[in-house]
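Please consult the sequence and the model alongside it.

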Amino acid sequence: MNTQDIIKVRVHDGIVGFLYLGSIGLAEQFAVSWIWVAVAVAFLQIISPVTKFCPVYTILNKFYPDSKPIQNGS
């Protein structure tokens, strides 16, 4: 695994973590319905090994074209 692949995995983890914490914070401050963002992210993470698709990796694969594609659906 080269440096770009490691960076891509770390950026993915940061984005997903931010989505979790952000939705929990918004649910606490404004409306409980924001928790559905965390539920959706969790659902996508649970099914991604089966579907081999992750929306965040799809975007990151375009930002890092010289790296190995991760969770690109193949």
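Helices (H or I, at least four residues) and strands (E, at least two) are DSSP runs, numbered from the N terminus. The model is predicted: local features need pLDDT of at least 70, side-chain atom pairs count only at pLDDT 80 or more, and totals for chains, interfaces and linings use all residues. Residues are numbered from 1 along each chain as its sequence is written, and side-chain values use heavy atoms, without hydrogens and water.

**Overall fold**
- The chain holds three helices and zero strands, in the order α-α-α.
- The C-alpha trace spans about 40 × 25 × 15 Å along its principal axes.
- Of its 74 residues, 22% are buried (under 20% relative accessible area, 1.4 Å probe, protein chains only).

**Packing of α1 and α2**
- Helix α1 (residues 3-29) packs on helix α2 (residues 35-51) at about 150°, with axes 7 Å apart; axes are lines fitted to C-alpha atoms over the stretch in contact, and angles run from 0 to 180 degrees between N-to-C directions.
- The two helices are therefore roughly antiparallel (an angle over 145 degrees).
- Contacts (heavy atoms within 4.5 Å) involve residues including His12, Val16 and Tyr20 of α1, and Val37, Val41 and Gln45 of α2.

**Largest pocket**
- A pocket is an open set of points on a 1 Å grid over the protein atoms alone, where a 1.4 Å probe fits, with protein on both sides within 12 Å along at least five of seven lines; lining residues have an atom within 4 Å of a point.
- The largest pocket holds about 200 Å³ of space, taken as the space filled by probe spheres set on the points, which are joined across faces, edges and corners.
- Among its 13 lining residues, His12, Val16, Leu44, Gln45 and Cys54 are closest to the centre.
- α1, α2 and α3 (55-63) each supply at least two lining residues, and α2 gives the most, with five.

Note on methods. Parallel < 35°, antiparallel > 145°, perpendicular 65-115°, else oblique. Buried < 20%, exposed > 50% of the residue type's maximum accessible area, 1.4 Å probe, protein only.
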